[in-house]
Amino acid sequence: LGLIEAAPIDGADPELAAIEAGAQDFEPAEEGATLFLTETTDLDAVCKALPEQGFSVLSAKLGYVAKNPVSITDEAELADVEAFLDAIDGHDDVQNVYVGLA
């Protein structure tokens, strides 16, 4: 998917902005920003349309979103998974890590 992180300017409505800009969906992101999800072919068009809808684009990239996120409830298993992901992320040859955990 196309992943666009954008911050609202003057309290812009993310739902209206998503509809008007042509995004497929949106979800809250960190620090008050909004993550807009698009088709890969619509990434550039939505990036250009969001400022007209009252959003400042912080980042735009192609990425992955899990269709079936998995939850880990066992604390020991979660600690093992986090240690594994930290080890992978710290490797010099790894650029991005995508995880389907909820």
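The model is predicted, so local features require pLDDT of at least 70 and side-chain atom pairs count only at pLDDT 80 or more, whereas totals for chains, interfaces and linings use all residues. Residues are numbered from 1 along each chain as its sequence is written, and side-chain values rest on heavy atoms, with hydrogens and water left out.

The chain contains three helices and four strands, where helices (H or I, at least four residues) and strands (E, at least two) are DSSP runs numbered from the N terminus. In order from the N terminus, the elements are β-α-β-β-α-β-α. The radius of gyration of the chain is 16 Å, well over the 13 Å given by the globule rule for 102 residues, so the chain is more spread out than a compact globule; this radius is taken over C-alpha atoms, and the rule is 2.2 Å times the number of residues to the power 0.38. Along the principal axes, the C-alpha atoms fill a box of roughly 45 × 30 × 25 Å. One separation within the chain is that of G90 and D25, which are 65 residues apart in sequence and 31 Å apart in space, C-alpha to C-alpha. G90 belongs to the segment after α3 and is exposed, with a relative accessible area of 57%.

Buried residues account for 23% of the 102 residues in the chain; buried denotes under 20% relative accessible area, exposed over 50%, and partly exposed the range in between (1.4 Å probe, protein chains only). The accessible surface of the chain amounts to about 7100 Å², with 49% belonging to carbon and sulfur atoms. Of the contacts between residues at least 6 apart in sequence, 67% join residues at least 24 apart, a contact being heavy atoms within 4.5 Å.

Strand β3 (residues 34–38) is mostly covered, five of its five residues being buried. In a regular strand the side chains alternate between the two faces of the sheet. In β3, T34, F36 and T38 point one way and L35 and L37 the other way, and all are buried. Strand β1 (residues 2–8) pairs with β3 in the antiparallel sense over five bridges, two strands being paired if DSSP finds at least two bridges between them. Within this pairing, L35 of β3 is the bridge partner of E5. Strand β2 (residues 25–28) likewise pairs with β3 in the antiparallel sense, over four bridges, and P28 stands opposite T34 of β3.

T34 is buried at 7% relative accessibility; beyond residues up to four places away in sequence, T34 touches I4, E5, A6, P14, F26, E27, A29 and F55. T38, also in β3, is buried at 0% relative accessibility. Leaving aside neighbours within four places in sequence, the contacts of T38 are with L1, G2, I4, A23, Q24, L43 and V46.

Strands β2 and β3 form a hairpin with five residues between them, and E31 in the turn has a positive phi of about 55°. E31 is exposed, with a relative accessible area of 84%. For D10, phi is near 55°, a positive value in a residue other than glycine. D10 lies in the loop between β1 and α1 (14–21) and is exposed, at 78% relative accessible area.

Side chains of opposite charge can pair when their charged atoms come close. The structure holds one salt bridge, defined as a side-chain nitrogen of Lys or Arg within 4 Å of a carboxyl oxygen of Asp or Glu. K48 forms this salt bridge with D44, the closest N and O atoms being 3.1 Å apart. Both residues lie in helix α2 (residues 43–49), four residues apart, which is about one turn of the helix. K48 is exposed at 57% relative accessibility, while D44 is partly exposed at 46%.

A nonpolar surface patch is formed by V70, V97, V99 and L101, with about 280 Å² of accessible area together. Patches consist of residues with over 30% relative accessible area and no salt bridge, like charges being joined within 9 Å and nonpolar side chains (Val, Leu, Ile, Met, Phe, Trp, Tyr) within 5 Å. L101 is located in the segment after α3 (75–89) and is partly exposed, with a relative accessible area of 35%.

Technical notes: Areas by Shrake-Rupley, 256 points an atom, 1.4 Å probe, with all protein chains shown as cover.
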